[in-house]
Amino acid sequence: MLFSKRIIMLRQKKSLRQEEVAEQLKCSVEEVDSWESGYSLPNDEKIKELSTLYHVSISRLNDSKKEQIMYNDEKSLSLIWIFKKYTIISYILLFLIPVLFSILVMAHGHESNNNILNYIIYFLVVLGCISSLLLHLYQVMKLLDASRSGLYKIYHTNQLKLYSYIFLILFILVIICIPIIIYA
C-alpha cells in the first residue's frame with residue numbers, strides 16, 4: 001500500500017484529524033497534508049514518531065514509503081513522456097504552418113489583388129503559431145506545478161528550460177520570417 005494511503009487509513013482508524021496528528025508530531029498541518037497527498041515524505045525521525053503514534057512497525061511504514069517513491073517516479077516519467085509528446089507536436093506545428101503558408105503564397109502569387117489574401121493567410125499562420133506556443137506553455141505550466149508538488153525531479157527542470165528557449169527562439173524566427181516571405 002502507498003505510504004500516503006496507509007497513513008490516511010491509520011489516522012482514520014484512530015479517529016484523528018490532521019491537526020491533531022500535526023500537534024502530536026510537532027509539525028505543521030500542511031506537512032501532514034503533504035504526506036497524505038503523496039507530495040512529500042517524512043524524514044526518518046517523523047517515521048519513528050508516526051509508527052509510535054499509530055502503533056505500527058517502522059519497517060511497514062518504510063515499505064510503504066518505498067512504494068510511494070516508486071509510484072512518484074512512475075508518475076514523474078509519465079509527465080515527462082506527456083511533455084515530450086506535446087513538445088514534439090508543437091514543434092511540428094511550428095514548422096508545418098510556415099511551410100503551408102509558403103505553399104499558399106506561392107500558389108496565389110504576389111500580385112497586388114492578392115494582398116488581402118496574403119494578410120488573411122499571414123493572420124492564420126500567426127494564429128496557428130500562437131496556438132502551438134500556448135500548447136507548449138500549457139505543458140510547461142503543468143510540469144512546473146508537478147515540480148512544486150515534488151513529482152517532477154529537479155534535474156529535468158534544466159531540460160524544460162532548454163526546450164522552452166529553443167521553442168521561443170523558433171517561434172520568434174517564424175513570426176519574423178513570414179512577412180519577409182510575403183513581401184519578397
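Modeller: Let us begin with serine 4, which counts as buried because its relative accessibility is 5%; buried means under 20% relative accessible area, exposed over 50%, and partly exposed in between, with a 1.4 Å probe and protein chains only. This is a predicted model, in which local features need pLDDT of at least 70 and side-chain atom pairs count only at pLDDT 80 or more, while totals for chains, interfaces and linings use all residues. Residues are numbered from 1 along each chain as its sequence is written, and side-chain values use heavy atoms, with hydrogens and water left out.

Colleague: In which helix does serine 4 lie, and which residues does serine 4 touch?

Modeller: Serine 4 belongs to helix 1, residues 3-13; helices are DSSP runs (H or I, at least four residues), numbered from the N terminus. Contact means heavy atoms within 4.5 Å. Not counting residues up to four places away in sequence, serine 4 touches Trp35, Glu36, Ser37, Gly38 and Gln68. Its C-alpha atom is separated by 8.7 Å from that of serine 34, 30 residues apart along the chain.

Colleague: How is the packing of two helices described, and at what angle do helix 1 and helix 3 pack?

Modeller: Two packed helices are described by the angle between their axes and the distance between the axes. Axes are lines fitted to C-alpha atoms, for helices over the stretch in contact, and angles run from 0 to 180 degrees between N-to-C directions. Helix 1 and helix 3 (residues 29-37) pack at about 120°, with their axes 6 Å apart. Helix 1 is therefore oblique to helix 3; angles under 35 degrees count as roughly parallel, over 145 as roughly antiparallel, 65 to 115 as roughly perpendicular and the rest as oblique. At this meeting, Phe3, Ser4, Ile7, Ile8 and Arg11 in helix 1 face Trp35, Glu36 and Ser37 in helix 3 through contacts.

Colleague: What is a salt bridge, and how many does the whole structure hold?

Modeller: A salt bridge is a side-chain nitrogen of Lys or Arg within 4 Å of a carboxyl oxygen of Asp or Glu. A search of the whole structure finds five. One of them joins arginine 11 to glutamate 36, with the closest N and O atoms 2.6 Å apart. This pair links distant parts of the chain, arginine 11 in helix 1 and glutamate 36 in helix 3, 25 residues apart.

Colleague: Are arginine 11 and glutamate 36 buried or exposed?

Modeller: Arginine 11 is buried, with a relative accessible area of 12%, and glutamate 36 counts as buried at 9% relative accessibility. Leaving aside neighbours within four places in sequence, arginine 11 is in contact with residues including Leu16, Val21 and Tyr54.

Colleague: Which residue forms a salt bridge with aspartate 44?

Modeller: Aspartate 44 forms a salt bridge with lysine 65, the closest N and O atoms being 3.7 Å apart. Here too distant parts of the chain are linked: aspartate 44 in helix 4 (residues 44-54) and lysine 65 in helix 5, 21 residues apart. Aspartate 44 is exposed, with a relative accessible area of 52%, whereas lysine 65 is buried, at 14%.

Colleague: Which residues are linked in a network of salt bridges?

Modeller: Arg17, Glu19 and Glu20 are linked in such a network. Within it, glutamate 19 pairs with arginine 17, the closest N and O atoms being 3.4 Å apart.

Note on methods: Helix = DSSP H or I, 4+ residues; strand = E, 2+ residues; numbered from the N terminus.
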